[in-house]
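Subject: A structure for you to explore

Hi,

Here is the structure I promised to pass on to you. Please open it beside this email and look up each residue as you read.

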Amino acid sequence: MVLLNPASSSSSTQAFASKLILLLTILSLSLALLAFLLQWRGALHDPTNSEFPGMGISKSRRPISSSDFLHFLGRHRFPYFRDWKFSFGSRRKPKICITTSTCAGLEQILPWIFYHKVIGVSAFYIFVEGKAASPRVSKVLESILGVQVIYRTRKLEEQQSKSRIWNESWLASFFYKPCNYELFVKQCFNMEMAIVMEAGMDWILHIDTDELVHPAGTHEYSVRQVLAEVPANVDTVIFPNYESCVEKDDVEEPFSEVSMFKKNYEHVLRKTYFGNYNDAMHGNPNYFLTYGNGKSAARIQDNLRPNGAHRWNNYMKTPNEMILDEAAVLHYSYAKFTDLTSRRDRCGCKPTEKDLKRCFMLEFDRSAFIIASTTTEEEMHKWYCEHVVWTDKRIKKKLLRNGIMTRIYEPMVIVEGLRESGVFSSSDYNSAFLNLKDESLLSSVAHGNNNSTFYYSYDDGITKTHWNVLETSNAIPPLSPPFRHA
């Protein structure tokens, strides 16, 4: 039998304990250092425990301050605004451009541009007419990085008159008609030009300046993230449109004042949609005031072409299309009372049934035009309150509870925050925007020189493609949502 030396056993135990303590100490320090590094990079930040400023908004909406805006953007992991410092370079993909045709003023276009910059849009191709083409407005637009301004000049019209679209059948039924039809045709030609103008973009989207992309379902509230997650075999994606539901008759800045929206048929259960259809109509011809078939973004590739203002197509194949489950386009339709008269003033049609069918594609637009053309200011205001403004608290509560309507605050917070930060009131919009974030962010927004006046040539190769093209379907116009038949 071997007897152990007590002194030797004690010494061995102490040595083991010392090594164990040293190992635990090193492990603790390593974990602490790792946690510090991760937190420093922002990876441990949890955006799910925060609340949007403005939630629980009642009749009297609390003004959103700059501190609210910073808090919201920082805690919700916006890739461009976390603590207003973020490394941004050419690696941020995909690159997205938006094209639009507008006659709006700066009060609408500026928030529209900078909101979409915040959510990840890199470039804008803006075709301007009317007020938007005035020197005061266009000079400002030309000064903004990433914005190309295209004027409707005689030269532009001559260039568009050479487009192959005139010799194709898919848009032919919309030619030579006034008002909405004329705008629809212009939008198609402008979309065709924007495809050729894009420089290094991955996706192109066509929306109006009374519409905002709502990238719901993303942690970063980023349209980049939405499109980055689209499968590689998908050519086009549809953003179902939600329609604004104004709650007062004196809205001046819809992007900052409207938070209630009616959801699209694609995002509502069929049973729920038709079960609440009568209440949702609000005394109007249909579920929505205007269109209900959404807007589309297309992956930029060879032979891409527009298929009306709401869709894209391809000359050589049928695009693989996908409808987004959560992201949407927010349409601020007739959100201001003055929209009635401004739309009337842009159209020279007579308020007769025959003329209106030639001028407008949707029934509510025809009704609104008649009211704006044939009634007094007081009668027009009464009609607007009855058909557009939502004041019945019981109906609103029911439709919100049933999922027909929803509250969306993100655009309101972003636009108000940009306004509070002085971006819209600055004499130098780019400097004001750069003050909010790292300069490297906007370095990728402006590709090349900021040459705002851009003229497109149809000799850039588009007419050299094969002419055995797919023309089996006509252009898709603005369409009403599904009807509930009696």
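Two notes before you start. This is a predicted model, in which local features need pLDDT of at least 70 and side-chain atom pairs count only at pLDDT 80 or more, while totals for chains, interfaces and linings use all residues. Residues are numbered from 1 along each chain as its sequence is written, and side-chain values use heavy atoms, with hydrogens and water left out.

**The disulfides**

A disulfide is a covalent bond between the sulfur atoms of two cysteines. How many disulfides does a search of the whole structure find? The search finds two.

One of them joins C179 and C347, whose sulfur atoms are 1.7 Å apart. The torsion about their S-S bond is about 80°, so this disulfide is right-handed. C179 sits in the loop between α5 (154-160) and α6 (180-197), and C347 in the loop between α11 (338-345) and α12 (353-359), so the pair ties together parts that are 168 residues apart in sequence. (Helices are DSSP runs of H or I with at least four residues, strands are runs of E with at least two, and both are numbered from the N terminus.) Both cysteines are buried, C179 with a relative accessible area of 13% and C347 with 9%. Buried means under 20% relative accessible area, exposed means over 50%, and partly exposed is in between, using a 1.4 Å probe and protein chains only.

C349 and C359 form a disulfide too, with sulfur atoms 1.6 Å apart. This link is left-handed, with -85° about the S-S bond. C349 lies in the loop between α11 and α12 and C359 in helix α12, so this pair ties together parts that are ten residues apart in sequence. C349 is buried at 9% relative accessibility, and C359 is buried at 0%. If you number the bonded cysteines of the chain in sequence order, the pairing reads 1-2, 3-4.

**Helix α15**

Which residues of helix α15 (residues 393-401) are buried? They are I395, K396 and L399. Seen down the helix axis, these buried residues fall within an arc of 100°, so they line one face of α15; the arc is that of the directions from the helix axis to the C-beta atoms. On the other side, K393, R394, K397 and R401 are exposed.

The buried residues of α15 pack against β8 (260-262), α10 (277-281) and β14 (405-407). After the helix comes G403, whose phi is positive, near 85°.

**The nonpolar cores**

A nonpolar core is a set of buried Ala, Val, Leu, Ile, Met, Phe, Trp, Tyr and Cys residues joined through side-chain atoms within 4.5 Å. The largest one has 73 residues, of which W112, I113, L227, V237, F239 and L340 touch the most other members. Helix α3 (residues 106-118) gives the largest share of this core, eight residues. A second, separate core of 16 residues includes A123, Y125, I195 and A298.

Enjoy exploring!

How values were computed
Disulfide = S-S within 2.5 Å. Contact = heavy atoms within 4.5 Å.
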